[in-house]
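Let's take a walk through this model together, one element at a time. Keep the viewer open and turn it as you read.

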Amino acid sequence: MPQIVFDDVDLLYPVKAHRCTTFKDLIVHGLFRKPHTRAEHVTALDRITLRVEGGECVGVIGRNGAGKSTLLRAIAGVYPSSGGYQLVEGNVCSLFDIAAGFEWNATGWENIRLRAYLQGETPSSLEGKLDRIAAFTDLGDMLDMPLRSFSTGRIMLLSFAIAVCCEPDILLIDEFLSTGDLYVREKAIAQIVAMLRQGRIVMIAGHDLAFLRQFCTRTLWLERGSIHEDGPAEHVIENYIEAMRDGFALTSPARDFAGERGV
Amino acid sequence: MLREVWQLRHFWLALAKHDIKDRYRRSVLGIGWSLIKPAVMTLILTVVFTSVFDVSVREYAIFLFLGILTWQFLTESILQGCNSFRLGNTYLRVRPIPLAIFPLRVVLSAGIHGLIGLAAAVLAIWYLHGTADFLVVLALLPALAILAITAWSLACICAILNTRYSDTQQIAEISLQALFYATPVIYMPESLHKTGWLHTLVECNPFASFLELVRRPLLHEEMPGATSILIALAFVSVAAAIALVALHRVEKRLVLWL
């Protein structure tokens, strides 16, 4: 069974503005300026403790910059943690950025192969899956066209099809399904449900709360890089919405504006 | 790390294949361009330098063509290698991948172009000088392996530096330009004064040894000199060691610099 265990995991992100990024800077700093003492890192994840078991569908919510994407990338192993214990069992497939992991000038078919090889498929293991991927995308002859002629929704569909056909144990989705039309979304949901039934893990970060509420068994609410609340989706999302409405830790210009207009 | 690179071979081979295809998309001559550029350079420089140096066109043209091919392969690998992590950023953010794959992708596509030129050169030598000894051509294989590993190592080192310090590519360009004149690409090493400083410089220059490794078997049908082999081997070992250590040190962190 796949599982994700995070114990007190920190992630520090280097801040470019605070350090030398060219040899010129390095020389100028070394020769003429005193070393700066300002903090060179921001804490992107702050003591995250988390345990996800097979068959769970976990939603990740929070305001922009709260660390949703960073958390998923840390789970995928893309970002290194700076401290704490981290265990991810099972092969991970991630759908983070629609444009990520594609060559724009390559055809749909070429991109399917590239992406699948990146997931560790071989030409022989992929052979049987190509038809399934093509059928799932419904793209037909369109797959002979370069990717740059695809619409965003279709690229989303393509990467989703490849991800699902590579049969990952853990699927991480970041703000991804929202570009698909209703039909595509229903199709994706059916696949995700099938994955969950097989005991796999799915984690979805996003702002589409209605979707997450309908779909996730559990939700993490992140705030400034740490877990603010972790529990049943219904409950956490309810609290989140309430907090946002009350202006949780923020002064909302929209609220002020509404106030000025006497709404 | 090298085992992981091997496991993902289908991925980087597909990437390199795409790069080569993409470079010549929409061009009538297609991959022929990789031959035309060094050939035209050779033509122009041959016309100029056969009137400066006391050499025959027949001898000089092939000498020059082999020099240009080897030099072009190394510089292309290094300079394009500088940007290889930035180009690979899109994949590095999908899942953890061994970094060495991206410089390798660049070296592969430069290597294919180099090999096409080399095949043309071998054919030209056969045509001009009659059949070459097959064993001598075989001696070229270890030379090509050394060249490939050198290019890969240097591309890895430059890629790391360029990701951390974004002016690396400019520095590399200037350095390579200076190195070009200390390397017998367009002039013959024999034409230098034996006591001059340039002669000593060329003797120690590993890039000169690489050229010797390629030219000696093809042009003179003999094994390269022991000094050249030793210098080339020493350089490739040091470069590969530095690349491996550097990659190991930044393997996990580098994605945060991109």
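Helices here are DSSP runs of H or I with at least four residues, strands are runs of E with at least two, and both are numbered from the N terminus. On the chain A side of things, the contact involves Gly108(A), Asn111(A), Ile112(A), Arg115(A) and Ala116(A) from helix 3 of chain A, which meet Leu158(A), Ser159(A) and Ile162(A) from helix 5 of chain A. Contact means heavy atoms within 4.5 Å. Sorted by class, this contact of helix 3 with helix 5 of chain A has 4 nonpolar, 3 polar and 1 charged residues. For these classes, Ala, Val, Leu, Ile, Met, Phe, Trp, Tyr, Cys and Pro are nonpolar, Asp, Glu, Lys and Arg are charged, and the others, Gly among them, are polar.

Before going further, a word on the ground rules. This is a predicted model, in which local features need pLDDT of at least 70 and side-chain atom pairs count only at pLDDT 80 or more, while totals for chains, interfaces and linings use all residues; side-chain values use heavy atoms, with hydrogens and water left out. Residues are numbered from 1 along each chain as its sequence is written, and chains are lettered from A and ligands numbered from 1 in the order in which they are written.

Back to our two helices: helix 3 (residues 108–118) and helix 5 (residues 152–165) of chain A pack at an angle of about 40°, and their axes are 10 Å apart. Axes are lines fitted to C-alpha atoms, for helices over the stretch in contact, and angles run from 0 to 180 degrees between N-to-C directions. Helix 3 and helix 5 of chain A are therefore oblique to each other; angles under 35 degrees count as roughly parallel, over 145 as roughly antiparallel, 65 to 115 as roughly perpendicular and the rest as oblique.

Now for the sheets of chain A. One is an open sheet of 6 strands in the order 5-6-7-3-8-9, with mixed pairing. Its edges are strand 5 (92–95) and strand 9 (226–232) of chain A, each pairing on one side only, and the twist averages 15° from one strand to the next. Two strands pair if DSSP finds at least two bridges between them. Inside this sheet, strand 6 (residues 170–174) and strand 7 (residues 201–205) of chain A pair in the parallel sense over 5 bridges, and Leu172(A) stands opposite Met203(A) in strand 7 of chain A. Strand 8 and strand 9 of chain A, by contrast, pair in the antiparallel sense over 6 bridges, with Trp221(A) opposite Glu229(A) in strand 9 of chain A. These two strands form a hairpin with 2 residues between them, and Arg224(A) in the turn has a positive phi of about 50°.

Helix 2 (residues 68–76) of chain A lies across strand 3 (57–62), strand 5, strand 6, strand 7 and strand 8 (218–223) of chain A, and runs at about 155° to strand 6 of chain A. Helix 8 (residues 233–246) of chain A packs on the sheet too, touching strand 3, strand 8 and strand 9 of chain A, and its direction makes about 130° with that of strand 9 of chain A.

A further open sheet in chain A has 3 strands in the order 2-1-4, with antiparallel pairing. Strand 2 (41–53) and strand 4 (83–89) of chain A are its edge strands, and its twist averages 25° from one strand to the next. Helix 4 (residues 57–82) and helix 9 (residues 168–181) of chain B pack at about 165°, with axes 9 Å apart, which makes them roughly antiparallel. Chain A and chain B bury about 3000 Å² between them, 57% of it on carbon and sulfur atoms; buried area is the accessible area (1.4 Å probe) that two parts lose on being put together, summed over both. In chain A, Phe23(A), Leu114(A) and Leu118(A) lose the most area to chain B, together 21% of what that side buries.
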